[in-house]
Structure formats: structure tokens, C-alpha cells
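Have the sequence and the 3D view open as you read.

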Amino acid sequence: MFAPSPSQLATIPRNRVAGLLAGSPKAELHVHIEGTLEPELIFALAQRNGVTLPYADVEALRNAYAFTDLQSFLDLYYAGCDVLRTEQDFFDLAWAYFERAARDHVVRVEPFFDPQSHTARGIGFAVFMPAFIQAAQRAQDELGLSVGWILSVLRHLPEDEALQTLRAAEPWLDHIIGLGLDSSERGNPPGKFVRVFARARQLGLHRVAHAGEEGPPEFVRGALDVLGVERIDHGVRASEDAALMERLARQQTPLTVCPLSNVRLCVVPDLAQHNLPQLLAAGIKVTVNSDDPAYFGGYVNDNLLQLFAAQPSLGASQAYALLRNSLEASFAADADKALWIAQLDARWQDAGRVA
Ligand code: HPA
Ligand code: ZN
């Protein structure tokens, strides 16, 4: 199966793009498992664990999701984690997300988990790792969904604590594909985490980092040069620096962009003004992802469909590129990627023929 040609893509009318976006195989490369904790599950787990929440009901909690910046979100996100106590809680969280992702035709997901938001509460790897491993196995068996877990360290905490976290993960490394870096970007440059990323490299882990969400383009450069990352999470502020844009395009460094997150955290004013089309037109390997879907109002298909609805310049060729980029930018085995890309191409070839 060949990739659809530019002329074939050009024949696909815009009103067919939404259906193709929603129904095509895709990878989700930027989702925090703790950010998939829906208010309904927060209340169910609170009740199961005897935790009293400072909100009367689900609606009151959802109404609190009015963020002004990254930190205002993180405060609620870490508070939400408090209901996650037992192995069953972590399993229920991950399994609910995997079922939801499969409905969006996600075939590969590389979710982040934040060990420090649990170990700080006395909940260790022996509680959450078996749950994550079992949920991933069931996703593969029952949903045909391939999962690769990425351990993410919190950048507002000292590097020594990140190193301790990576050490605690060593018995579980058969089930972890990479190291990530998240939490408050301002004031916490990539250079703070040189040793932990060097250690991850020694351990054979993939490396990614959040950069250029609220932080400046220099943080994107630092993540590449100092941490040696293979993908940049967010990276939207790269568009402020023409030389960096050119470098990202030349190196084909994937950006895992999260449009609804960017709007909800006031990184961009609205979807119509999101710079994703500009990043894509510059030849950068852009992907669309959901970040923290329970908090930002949408899973991956919502992100794709709402972005395309808001941006008239996006059509079939951009839609195909974003889907294909997601599969190519994943850390899955080459044979799996080739199979998913062939399935994607078959679907888009058919659409080109019957257009
Ligand atoms: N940025 C930084 N840290 C995070 C995010 C994010 O969007 N989501 C969860 N932790
Ligand atoms: Zn994120």
C-alpha cells in the first residue's frame, strides 16, 4: 500500500475530513494518565477510599476547572491525585482511559505517569506499576491497543528526587519505555535535569520533555542539546524563533501538540489562533494529542475535530500528515508502525478514489 499522493489528497472534499480523522488509526503520544481522571471517577474513588472532597458534587468540581495558566491547573491536578490510593484505583484509572482511547481509534498510546505525585503521599511503585502493567496487557489483548509507559519526573522538584525516582523504577524498566519531564516550566529549565536524562540514556530509555509550552524557545533548544530528547512535548513557542523552527524541521523532531490544553491554560487565545498550521507548514513533524483530557474538555479526536473546525486552512493533506506523523513519531516497533501506516494509507486511498 502506498501513501496517498498529494493530488489524491487534494480530491478529498473538506466535509469528508472529519470522518477520516475520527475513524483513522492514530497514536496518542502526549497524555498524562493522571490527567484522564474524570470527575465522576474522582467522586467514585473518594467514596471507595473514604476521602472527603472539598466539592459538593461532580458539577461543582467541573466548574472549578477554570484555569488561568499552567500552575492554576497543576494545583487541581495534583489535588485530584489524592483519591488514587490502591492498586485497584490505578487499574480503574488506566483501564477507563484505554477503553476511551480505543473508541477514538487510537492504536498506540505512550502515556506519562508521575510517580512523585504518588510516592510523596506514601504510595510506591509496588502499588501503581502492577496496575499499569495489567491494564496495558488487557488493552493489548482486548482492545488491540499497544501501550508504552513513560515515567515523567516533576521539574518543580530537585533533580536528586528525580534521580531517586528513576532508581526506584529500575525493577520495573521492562515495562517503561522512556523518561519524560513535566510540571511547572517557568523557572525550571531543562539544564536542571542533565544527570537524570544521562542516566535514562544509559538505561536504554527513550527521552522526551515538556518544553516551549509556557517556557521560552531556549527551553526547547536546551531539551534537545542538554537532555538529548527525541521528541518535544508541546513546543508551540518554538514559532517565536525562526532558527529553531528551521532546526526542528531539518531534524524532524516530533512536537506533541495539545490544542485544547493550550487554549484551557491560556497559552493561546483560542483554537482559531493556534499556530499548529504554521508549525506544520514549516515542515515540522507535528502531532495532535490530548494532554489531560479530563481537565481540558476533550480526548484526541475532540482535539483534532475542534481544531479542524476552527481553522479553515486545514484540509485533507494536513489531516493525513498529522495522523501519519503520530504513528511515525511513536516509539513502537518498526513492524507495528509499518502495519498501522498501511492501515491508515488503505483508508485514505479509498477516500481518494471515491471522492
Ligand atoms: N504541562 C506540564 N506539566 C503537566 C501538564 C502540562 O500540560 N499536564 C500534566 N502535567
Ligand atoms: Zn503534558
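This is a predicted model: local features need pLDDT of at least 70, side-chain atom pairs count only at pLDDT 80 or more; totals for chains, interfaces and linings use all residues.

Let's begin with helix H8, which runs over residues 125–143 and spans 25 Å from its first C-alpha to its last, close to the expected 27 Å. Its buried residues are Phe125, Phe128, Met129, Ala131, Phe132, Ala135, Ala136 and Ala139. These residues lie on the same side of H8, because they cover an arc of only 165° around the axis. An α-helix has 3.6 residues a turn, so residues three or four places apart point the same way. Turned away from the buried side is a face that carries the exposed residues Ala126, Asp141 and Glu142. Just after H8 comes Gly144, with a positive phi of about 65°.

Next, a pair of packed helices. H9 and H10 meet at an angle of about 20°, their axes 8 Å apart, and are therefore roughly parallel to each other. The table lists the residues that make this contact.

| Helix | Residues | In the contact |
|---|---|---|
| H9 | 159–169 | Glu159, Asp160, Ala162, Leu163, Leu166 |
| H10 | 194–202 | Val194, Arg195, Val196, Arg199, Ala200 |

By class, the contact of H9 with H10 has six nonpolar and four charged residues, and no polar ones.

Leaving aside residues up to four places away in sequence, Ile42 touches Leu37, Leu53, Leu61, Tyr65, Gly80, Val83 and Tyr295.

How values were computed. Residues are numbered from 1 along each chain as its sequence is written. Chains are lettered from A and ligands numbered from 1 in the order in which they are written. Side-chain values use heavy atoms; hydrogens and water are left out. Helices (H or I, at least four residues) and strands (E, at least two) are DSSP runs, numbered from the N terminus. The expected span of a helix is 1.5 Å times one less than its number of residues. Buried means under 20% relative accessible area, exposed over 50%, partly exposed in between (1.4 Å probe, protein chains only). The arc is that of the directions from the helix axis to the C-beta atoms. Axes are lines fitted to C-alpha atoms, for helices over the stretch in contact, and angles run from 0 to 180 degrees between N-to-C directions. Angles under 35 degrees count as roughly parallel, over 145 as roughly antiparallel, 65 to 115 as roughly perpendicular and the rest as oblique. Contact means heavy atoms within 4.5 Å. Ala, Val, Leu, Ile, Met, Phe, Trp, Tyr, Cys and Pro count as nonpolar, Asp, Glu, Lys and Arg as charged, and the others, Gly among them, as polar.
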